[in-house]
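Let's take a friendly walk through a protein model. Have a look at the sequence and the structure first, and then we will go through a few places together.

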Amino acid sequence: MKARTVIALMALLAALVAFDMPAFSTAAFTSKTSNTGTVRAAADWTPPTVSLVNPGSPIKDTVTISANASDAETGIASVTIQSLAAGGSSWVPLCTDTTAPYSCSWNTKSGTVPDGGYTLRAIATDNSGYSTTSDSVSTTVANNFMVTLSNPGEVVRGTVNLTATLVNAGLTVYSVRIEYTVAGTGQWKTLCSNLVAPYNCSWATSTFTNDYYDLRAVAVAGSSTTYSAVIADVLVDNAAPAVTMTDPGTPLSGFRTFAATATDANSGVAQVTIQYAAAGSTTWNTLCTLSSTPFSCRYDTARIIDGTYSFRAVAVDLAGNSTTSAAITNRLIDNTVSSVSLEDPGAFLTGTVTLTANAASTAGVTSVRIQSAPAGTATWTTLCTLTAAPYSCSWDTTKTANGPYDFRAVMVDGTTKETVSAVVASRRVDNMPLRGYDIQSANGSTTAGRLEAGDTLTYTYSQQVNLASITPGWNGAPLAVTARAADSATGDTMDILRTGSMVNLGVVNLRQDFVRAGKTVNFAATMTASTVTVNGTVRTVVTVTLGAPANGSGLRNVTTAGSLIWTPNGAVTDLLGNPTSTAPVTESGTLDRDF
């Protein structure tokens, strides 16, 4: 019996290895005798916690920088404290401490630490090798006289308070003023002059054109003039967004889509809230809040008491300006009768897809038929008939001609009454052999969530493609191209250019706000091609590696996760000359900040 146990344990461990367990698992089998065995799990599966103590600002001379770190399982092996100068690209180690309290003395007068802004962080490593990086802390090193200006943020509106600070001023009397210029022009003008401590300036942005501005503070004593670091690309936005509520129709029952359209020409739309209120009431309730396009949500109207309602949308831009749409009034919610709706199967359909309907009736549901028809016609074909929930079925699209189709569901209730759902229109069946398989990005630079040199964008096709159909004469060797990132209200986009013309890779929707409103940033880039075999199929992989930006500023950091969407160009062909599908491809894998 003991021998059987050992054999079973060994088989289990072999299965775990074959299943490709993560590298950090240290589960191991140790044979004690020919008849007994044990399984030993890792002593520590959890990374440590670490935080950096804020040293305050400004700092000078020699300062103690300390961190708090702990690990409840195997303990802390070391804590490394690092600094990054403003505008720098490399973190500089200040010290590594192996015993608590974790701290080091930072000599800011060593000659290698110029006055200016710095970011500090700590990295803790436990005795199992796991590490954690703390949140960053900002400070200013000032061993000599300097003037600083408070940062009002990337986007401002209304009246903004700006504060200048004099560091190490001693007994010298300074005349302080705050200046501005349209971003990048260098034509400085006075915003506030002859300021006295605490050197506050009220910036009435409503008197300025909505645009990007640079700001700085100036301190003058006799013939000596000192300037603060420039706060660049502050967007003034006092214009409210535009928003329109889409009519949801009437009567409303079951799951319905509620949508609005919203645009903002300056800072961009931050969020849209869709609201409802009972007829005759001024109390508006939130139905859903949306932070990215499309500004729409599916909502079960059965959660609202039957009756007559108004609907509206409220849009807020990144500056805080808001607009409320005109209300859509006298819309009836009635869930006491039969209702049926068809879930949207997607814009492009390929292979076997699942079609799902939602149906309810106070008289009971006898059956639900899911039907299709060539788009714009009334030639309905029943794809399946369902007599019990869930009302869904699998449809093999390969047995249907490629093209656009309309879909609907027809419910028969317990009284034999038929109720027909709203039509889901113009969904395209596309079973072309060549199509986009995946789109991925990777951060090859120092800052996650920001487009920089070294970042990559990888396009994978379902089969091998004729590389010359991507760009004439190309054989996959490294090719100099231009990667163009452009702001868009529906998600910033990236496409690839060669000698001013688009390469036939199509367009990638970055689904995040990497580029400031109204801006376009070009990167010198390199394009290469390779192949990869997946499940026996050889696929073409095109990789674009970003170089340095070729023009100006306009980039911003992205802090939220998202998925790229790639719309391939139909001009690309496989090795037999078949064109590629233009069906959009969504980035696979875990959501991340991209780049």
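Is D97 buried or exposed, and which side chain of opposite charge is nearest to D97? This is a predicted model, in which local features need pLDDT of at least 70 and side-chain atom pairs count only at pLDDT 80 or more, while totals for chains, interfaces and linings use all residues. Residues are numbered from 1 along each chain as its sequence is written, and side-chain values use heavy atoms, leaving out hydrogens and water.

D97 is buried (under 20% relative accessible area, with a 1.4 Å probe and protein chains only). The nearest side chain of opposite charge, R121, is 17 Å away, and D97 has no salt bridge (a side-chain nitrogen of Lys or Arg within 4 Å of a carboxyl oxygen of Asp or Glu). For charges, Lys and Arg count as positive and Asp and Glu as negative; His and the chain ends are not counted. The D97 side chain does reach the backbone nitrogen of T99, at 3.3 Å.

Now compare where two residues sit. Strands are DSSP runs of E with at least two residues, numbered from the N terminus. Contact means heavy atoms within 4.5 Å, and the table leaves aside neighbours within four places in sequence.

| Residue | Strand | Contacts |
|---|---|---|
| D97 | β6 (residues 92–97) | S78, V79, Y102 and S103 |
| A242 | β20 (residues 242–245) | T261, A262 and T263 |

A242 is partly exposed, with a relative accessible area of 42%; that term covers values between under 20% and over 50%. The C-alpha atoms of A242 and A260 are separated by 10 Å, and these residues are 18 apart along the chain.

How values were computed. Helix = DSSP H or I, 4+ residues; strand = E, 2+ residues; numbered from the N terminus. Polar contact = N/O pair within 3.5 Å; in protein donor to acceptor, adjacent residues only side chain to side chain.
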